[in-house]
Amino acid sequence: MQLFLEPLSYTFFRHGLLAAVMVGALCGLIGVHVVLRGMSYVGHGLSHAAFGGAVVGFVLNFNFYVGAGAMGFLAAILINQMTKNRKIKSDAAIGIVTTAMFALGIVIISQQRTLNRSLDAALFGNILGITDFDLMVIGLVTAATMIMMFFMYRPLLFSTFDNEAAQVFGIKTERVQLLFALLLTLSIIVSMNIVGVTMIAAALIMPAMTARMLTDNFSTMQIYAIAIGIFIGAGGMYLSYFLNVSSGATIVLFGALTFCLSVLIKKIREKSILRANLHRHGGLIHSHPRDDTYSTPTSTENISERKKS
């Protein structure tokens with residue numbers, strides 16, 4: 001217990017731990033939709049666009065969050081508009097828009113010849129430099145995102161698995177996509193100071209994919225992802241303290257280790273189920289395929305079956 005409480009005696013560690021826990025929960029929740037929508041590259045791209053916005057904001061004497069947020073949200077809108085007619089694929093649109101905005105930031109930095117500390121933190125992460133204001137912003141974004149995701153649960157779920165069917169049922173999918181883009185952008189921006197632009201995609205994807213290894217149920221996956229995100233954030237912080245290494249990188253590496261363990265657990269579970277289903281007919285030993293679909297309407301398998309029908 002003393003080993004656990006020792007780091008908490010330092011203010012910088014308490015701030016960092018609280019930030020890591022909130023960002024872990026936030027990235028876990030939003031990451032579920034990112035993974036199921038096949039948008040992993042979007043999270044990576046938007047972080048680069050947000051960094052370009054942060055640089056522009058720095059030059060214009062704007063607040064870090066204002067500059068990064070405006071450019072990140074603009075990038076999300078441009079990507080959505082470019083892919084509407086389906087002539088330009090999403091990966092191409094993301095590559096064009098976000099890298100251009102990131103390049104703009106690099107050009108400005110090369111002209112300024114200096115890199116502000118807040119920009120340095122956004123690029124590489126600096127969780128131990130988190131301020132009270134940063135904690136307030138992270139807390140507000142986390143609370144707002146969870147509230148919005150709760151009230152928009154069904155529209156987000158429906159548009160995630162079948163956007164065309166959602167339109168048929170009267171769901172305004174464009175508004176839903178715009179809302180999700182805004183929430184994703186805000187989540188990326190508040191996470192940048194934790195793990196940095198270079199590793200933000202991992203923070204979004206790892207908790208969600210780890211949860212995906214443990215369950216096929218959508219609502220359960222969200223709960224698992226939030227819990228796993230908190231576990232990864234807190235565990236990574238403690239490991240970085242005792243190993244005296246970079247906190248952001250340690251959180252990501254700890255997340256990767258957690259994901260590997262979830263893959264191992266899934267393989268063990270599948271083997272145990274296979275063995276449990278083995279039975280004998282005379283001299284023949286075999287097993288029948290097992291139906292793993294859930295009765296709940298929020299199951300990813302059930303959604304897939306609805307799409308086929």
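Ser187 is buried, at a relative accessible area of 0%, where buried denotes under 20% relative accessible area, exposed over 50%, and partly exposed the range in between (1.4 Å probe, protein chains only). The structure is a predicted model, in which local features need pLDDT of at least 70 and side-chain atom pairs count only at pLDDT 80 or more, while totals for chains, interfaces and linings use all residues. Residues are numbered from 1 along each chain as its sequence is written, and side-chain values use heavy atoms, with hydrogens and water left out.

Ser187 lies in helix H10; helices (H or I, at least four residues) and strands (E, at least two) are DSSP runs numbered from the N terminus. With residues up to four places away in sequence not counted, Ser187 touches Leu26, Ile30, Val141 and Thr145, a contact being heavy atoms within 4.5 Å. Leu183 is also found in helix H10, which covers residues 173-195. Leu183 counts as buried because its relative accessibility is 6%. Its contacts, with residues up to four places away in sequence again excluded, are Ile30, Thr145, Met148 and Met149. Leu183 and Met149 are 34 residues apart along the chain, and their C-alpha atoms are separated by 9.1 Å.

The largest nonpolar core has 78 residues, of which Leu46, Leu184 and Ile194 touch the most other members. Helix H2 (residues 11-36) supplies the largest share of this core, 13 residues. Such a core is a set of buried Ala, Val, Leu, Ile, Met, Phe, Trp, Tyr and Cys residues joined through side-chain atoms within 4.5 Å. Beyond four places in sequence, Leu184 touches Ile30, Val34, Met39, Val42, Leu46 and Leu204.

Helix H3 (residues 40-59) has 20 residues and reaches 30 Å from its first C-alpha to its last, close to the expected 28 Å at 1.5 Å a residue. The expected span is 1.5 Å times one less than the number of residues in the helix. H3 is mostly covered, with 14 of its 20 residues buried.

Most residues other than glycine have a negative phi. Asn61, which follows H3, has a positive phi near 65°. Asn244 is not a glycine, yet has a positive phi of about 55°. Asn244 is located in the loop between helix H12 (218-243) and helix H13 (247-277). With a relative accessible area of 70%, Asn244 is exposed.
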